[in-house]
Amino acid sequence: MDRFLSHFTHRFDAKGRISIPSAFRQVLAKDGFAGVYAYPSLDAPALDCGGHALIAEIDALLQTMPPYSPARDAFATALLGMSEILRLDAEGRVFFEERLKTALGLDGEAVFVGQGHKFQIWEPARFQTHLEQARARVRRLRAEREALASGETPR
């Protein structure tokens, strides 16, 4: 199974375009998606991005909820209503409108972060802060798991 892995920092060109990492384009191509499906992350100041597999996950989630329910409407609005399809040009670049760049705090460059089934696009300094917090959280969770496995009470 092809996954979005690693992280890459790319620069915007003068026309507001940025190259999607080639490794990520390969995953999208194998998925049969001709662009990048993107929506504002629910949990971070970043864009969640992917292809058909990500859209299928969202559709599967929505199918678990009763039609016309407030929960389904909320998820559909947040995940579908705020989404965009960013079209790749011949060089593998996508165009970011100024409002999207401003909302994410993007200026000269962006970080593309693989998360397996999807990838995120971050402003570099925000991503560095998020990465440090994520690593600290993983260390705490690992310590809690180890304590539970050994019969200790987690701190």
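**Entry 1: a first pairing**

How many bridges pair β3 and β4, and in which sense? I looked it up: β3 and β4 pair in the antiparallel sense over four bridges. Here two strands count as paired if DSSP finds at least two bridges between them. Helices (H or I, at least four residues) and strands (E, at least two) are DSSP runs, numbered from the N terminus.

I note that this is a predicted model, where local features need pLDDT of at least 70, side-chain atom pairs count only at pLDDT 80 or more, and totals for chains, interfaces and linings use all residues. Residues are numbered from 1 along each chain as its sequence is written, and side-chain values use heavy atoms, with hydrogens and water left out.

**Entry 2: the whole protein**

I listed the elements next. The protein has five helices and eight strands. From the N terminus on, they run β-β-α-β-β-α-α-β-β-α-β-β-α. The C-alpha atoms fill a box of roughly 55 × 40 × 30 Å, taken along the principal axes.

I then looked up burial. Of the 155 residues, 34% are buried. Buried means under 20% relative accessible area, exposed means over 50%, and partly exposed lies in between (1.4 Å probe, protein chains only).

I also checked contacts, meaning heavy atoms within 4.5 Å. Among contacts with a separation of 6 or more, residues 24 or more positions apart account for 56%.

I found 20 positive and 20 negative side chains. Lys and Arg count as positive and Asp and Glu as negative; His and the chain ends are not counted. The centres of the two sets lie 3 Å apart. Each charge is placed at NZ of Lys, CZ of Arg, CG of Asp or CD of Glu.

**Entry 3: the sheet**

What is the strand order in the open sheet? I read off β1-β7-β8-β4-β3-β5, six strands with antiparallel pairing. β1 (7-11) and β5 (84-87) stand at the edges with a single partner strand each, so one side of each is left without a neighbour in the sheet. Neighbouring strands are turned by 30° against each other on average, direction ignored. For such angles, axes are lines fitted to C-alpha atoms, for helices over the stretch in contact, and angles run from 0 to 180 degrees between N-to-C directions.

Five bridges join β1 to β7 (residues 109-114), and the two run antiparallel. F8 has F112 in β7 as its bridge partner. R11 stands opposite E109 in β7.

Next I moved from β7 to β8. Four bridges join these antiparallel strands. G114 stands opposite F119 in β8. The two strands form a hairpin with four residues between them. In that turn, G116 has a positive phi of about 85°.

What lies across β7 and β8 (119-122)? I found helix α5 (residues 124-149) there, running at about 35° to β7.

**Entry 4: β4 and its neighbours**

I followed the sheet on to β4. β4 and β8 pair in the antiparallel sense over three bridges. D48 stands opposite Q120 in β8.

Is β4 covered on one face or both? I found both faces covered: L47 and C49 on one side, D48 and G50 on the other, all buried. In a regular strand the side chains alternate between the two faces of the sheet.

A hairpin of six residues joins β3 to β4. I looked for A44 and found it in the loop between β3 (35-40) and β4 (47-50). A44 is buried, with a relative accessible area of 17%. A44 and K15 are 29 residues apart in sequence and 26 Å apart in space, C-alpha to C-alpha.

**Entry 5: positive phi**

Most residues other than glycine have a negative phi. I looked up two residues against this rule.

S6 is not a glycine, yet its phi is positive, about 75°. S6 lies in the segment before β1. With a relative accessible area of 45%, S6 is partly exposed.

Y68 is not a glycine either, and its phi is positive, about 65°. I found Y68 in the loop between α2 (52-63) and α3 (70-81). Is Y68 buried or exposed? At 76% relative accessibility, Y68 counts as exposed.
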